[in-house]
Amino acid sequence: MKIKIQIRLLFILFLFIVWSAVNLRFLIAQELPKNAENKTNNQAALTIEPKVNSAHINGKVKWYSNLSECLEAAKAENKLVLVDAVASWCGWCKKMEMETFNNPEIIKKLEKYVCLRVIVEDDAAFSGKYTVNEFPTILFLKADGSELERHIGFKNIDDFKKIIGQIDEKKVNK
């Protein structure tokens, strides 16, 4: 008798999880910009501009899309690299792009970094080298490509400010 009750409870839990996932997906889809619905690829809210410099022009973060070019720029500018490793299907990645990376304070703080956005399913070499399996993943790399620190999951503006502050403190102490 107890086994039947446990099975029913597990089934109810499973239904709740599925229901929550569907609702979360719906809520995230509602927050996407209207023009993102017209795009034909899966990268709805992710804006990737290839081969740009690390300057932050017009109040936006400019993202490299190539690791080797990004590392060359980091060496030339004597900066750390911030990597935003995302998946095109990841709702939390899109939410972080829209909220955190579009915040003026965050944009200003990221001027100290060379920024790279990698869509992991499109770049197996990056994914294999840095073993990114959870999204979003924020990596901080030295200019030689070695990993300094890793943060997994959505980070709101306040959380991201704290992370940047910790990285800046580590950089000063070295």
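In this short talk I will go through the sheet of this predicted model and then turn to some of its salt bridges.

Let me begin with the sheet, which is open and built from four strands in the order E2-E1-E3-E4, with mixed pairing. Strand E2, residues 113-119, and strand E4, residues 147-152, stand at the edges with a single partner strand each, so one side of each is left without a neighbour in the sheet. On average, and ignoring direction, neighbouring strands here are turned by 20 degrees against each other. Further in, strand E1, residues 80-86, runs antiparallel to strand E3, residues 137-141, and five bridges join the two; one of the residues involved is Ala85, whose bridge partner in E3 is Thr137. Lying across E1, E2 and E3 is helix H2, residues 67-77, which runs at about 170 degrees to E2.

Now to the charged side chains, where the count comes to nine salt bridges. Which residue meets Arg117 in a salt bridge? It is Asp84, at 2.9 Å from N to O, and this pair links distant parts of the chain, since Arg117 belongs to strand E2 and Asp84 to strand E1, 33 residues apart. Both of these residues are buried, and together with Glu97 they are linked in a network of salt bridges.

A second pair, Glu99 and Lys95, meets at 2.7 Å, N to O; the two are four residues apart in helix H3, residues 91-99, and are therefore separated by about one helical turn. Glu99 is partly exposed, with a relative accessible area of 34%, whereas Lys95 is buried at 15%.

Notes. Residues are numbered from 1 along each chain as its sequence is written. This is a predicted model: local features need pLDDT of at least 70, side-chain atom pairs count only at pLDDT 80 or more; totals for chains, interfaces and linings use all residues. Side-chain values use heavy atoms; hydrogens and water are left out. Two strands pair if DSSP finds at least two bridges between them. Axes are lines fitted to C-alpha atoms, for helices over the stretch in contact, and angles run from 0 to 180 degrees between N-to-C directions. Contact means heavy atoms within 4.5 Å. A salt bridge is a side-chain nitrogen of Lys or Arg within 4 Å of a carboxyl oxygen of Asp or Glu. Buried means under 20% relative accessible area, exposed over 50%, partly exposed in between (1.4 Å probe, protein chains only).
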